[in-house]
Amino acid sequence: MAETSKKVLEKKGQGEYEFTAYGEFLSYFHAHIDIFKRLLKAKKMDPAKVEEVAKQIKSYMTGNIKKTDQFFEHLPQFATLLGVSKEEVSAYLNSNFIEVLNKVQEKLKTQELEKMKNAPVPSFSSIAEEIVEGLHFTHPTDFVFAQKGILMVLENPLTGEIIEPQGLMAASAKAALSIPSGSESEKEPVSLTEALAVANAPPTPIAKKQSLIPEKEKSILQEIAETFSDVLTGERLEVKIGPEVTDTPHLESNTNGNSAKTNEEYEIEDLEFDDSSDSESSQTNETHSEEHDDFSDDLGIEYEEETPAPPPVDLNLIRLGNYSVKEFMDLVQTITTYQTKGDQVGYQNWLRTLSEFDKAVVSLRTQVLKEQKNEVVDWNSLFQMMSSKSELKPDVLKGIVKKIKNFQIVKLTLDRMIQEFKKGSPEFMQIVKMAWPHIQKSFYEVPNYQQVQTLLRGILSRVNGDAQKKEFSKIFTMALNFIQSKFQV
């Protein structure tokens, strides 16, 4: 029969369907994707960005997770891809996993049952193939058929392990060997091979009656004379050292050569047999392991054929691409809070909780501020030094510096906007206070300027006074023009 996709459900003895190991893995896979999407949506991330991050996580899981119990081990990597802390991901999974998993499994089970209901009748190339498919039983690895007296068994020649016949064959063998059934005997059941060995065992020799008077032992010469009396001629024995010289030494040489050759061929043949057996066993074991443990080749709900596993993913490069203005602004706000309080101990403890990527942002931001004060910074040496002490490559560090400089421009723009807003009337400042969180959120979308303008127009639409609306529009326009002139794409 043609190769089919891996089974998600299997029918149990009571007629109910349960998930196979692969089906269980598949449900866990999609439950994690669903939960990660919910987490990102809860953070008000743009829907297109959510799908992009979900796609990256799916690619990572496809290439790195093979078993159900491996999902928990990759929480730090998930946190990096999502741009949140490991603790937050863990807490969100703990509170949502069971609910989401049940929904995914219900949907998956319904879908699979529908597929099974509408599946075409399978065609088989042979009756043996149909039997294997129906019984779900294949020939055990490394076992061969072997005849043991009246028994036909499966035997592993490498280990000596034997699998006895079952069903009607076993019943016939028991009858032939006169083995009582379980109901006729209270003793433990005897295996067929043991019973056969007993049946074929030679009769127990009758022990000679021992006399209390020990018999006199015969001398060795007397035993030889009695045993070999018909072949002893009385000729004198001559002891010769070395090979006997004959008229046809070449024949003996050839004979010895052939004997040596035969022995040599036999040893090589055994070696080749052992190697091939080991090789076949290894290949069989690898195939068996892949069939039961590796679920990464087919992970779509519709079970489409997946492409080969992608090359290793640089998580820090993905993190760099996802790093947003808001994350940077939140980090700067945290640093400012510690500096304002003068809490050096708290600041150091906070630094220890950060990922390598975020620690690099903190360190490189300090260097960017130095450069803005006209201090000289040897970036190449700094990149090489930081790269040697972490998993961050120089290209990632360069990208971080570029983002920091761009995000600093956005921060500077927001600070200048506050100064401009303070020049307005008290009524105008009251409106600014209410609108400020929405204004910040709008500029966090930089460099998506179209999205920024859409959000700012929404804010302006809620301002009633024409004069105040005009003032907002003027400041917004100045801010956007400044950012666009400085922001490096």
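This is a predicted model: local features need pLDDT of at least 70, side-chain atom pairs count only at pLDDT 80 or more; totals for chains, interfaces and linings use all residues.
Colleague: What makes Arg 38 and Asp 34 a salt bridge?

Modeller: Their side chains approach to 3.8 Å, N to O. The cut-off is within 4 Å between a side-chain nitrogen of Lys or Arg and a carboxyl oxygen of Asp or Glu, so the pair qualifies. Both residues lie in helix α1 (residues 21-42), 4 residues apart, about one turn of the helix.

Colleague: Why is Arg 38 called partly exposed?

Modeller: Its relative accessibility is 27%. Buried requires under 20% and exposed requires over 50%, so a value in between is called partly exposed. Asp 34, with 28%, is likewise partly exposed.

Colleague: How do you know that Lys 103 forms a salt bridge with Glu 99?

Modeller: The closest N and O atoms are 3.4 Å apart, and the limit is within 4 Å, so the contact counts. Lys 103 and Glu 99 both belong to helix α4 (residues 86-118), with a spacing of 4 residues, about one turn of the helix. Lys 103 has a relative accessible area of 47% and is partly exposed; Glu 99, at 40%, is also partly exposed.

Colleague: Why does Arg 319 count as buried?

Modeller: Arg 319 has a relative accessibility of 4%. Buried means under 20%, so the label follows. Arg 319 also forms a salt bridge with Glu 327, the closest N and O atoms being 3.0 Å apart, and a network of salt bridges links Arg 319, Glu 327 and Asp 358. By the same rule, the count comes to 11 salt bridges.

Colleague: Why is the pair of Phe 421 and Trp 436 called edge-to-face?

Modeller: The count comes to 17 aromatic pairs. In the pair of Phe 421 and Trp 436, the ring centres are 6.4 Å apart and the planes stand at 80 degrees. Phe 421 is buried at 1%, and Trp 436 is buried at 16%. Both residues belong to one aromatic cluster, which also includes Phe 428, Phe 472 and Phe 476.

Colleague: What makes the charged end of Arg 416 sit over the ring of Phe 482?

Modeller: The charged end of Arg 416 is 4.8 Å from the ring centre of Phe 482. The distance limit is within 6 Å, and the charge must also be within 35 degrees of the ring normal, so distance is one of the criteria.

Methods: Residues are numbered from 1 along each chain as its sequence is written. Side-chain values use heavy atoms; hydrogens and water are left out. Helices (H or I, at least four residues) and strands (E, at least two) are DSSP runs, numbered from the N terminus. Buried means under 20% relative accessible area, exposed over 50%, partly exposed in between (1.4 Å probe, protein chains only). Rings of Phe, Tyr and Trp (its six-membered ring) pair if their centres lie within 6.5 Å; planes under 30 degrees apart count as stacked, over 60 as edge-to-face and the rest as tilted.
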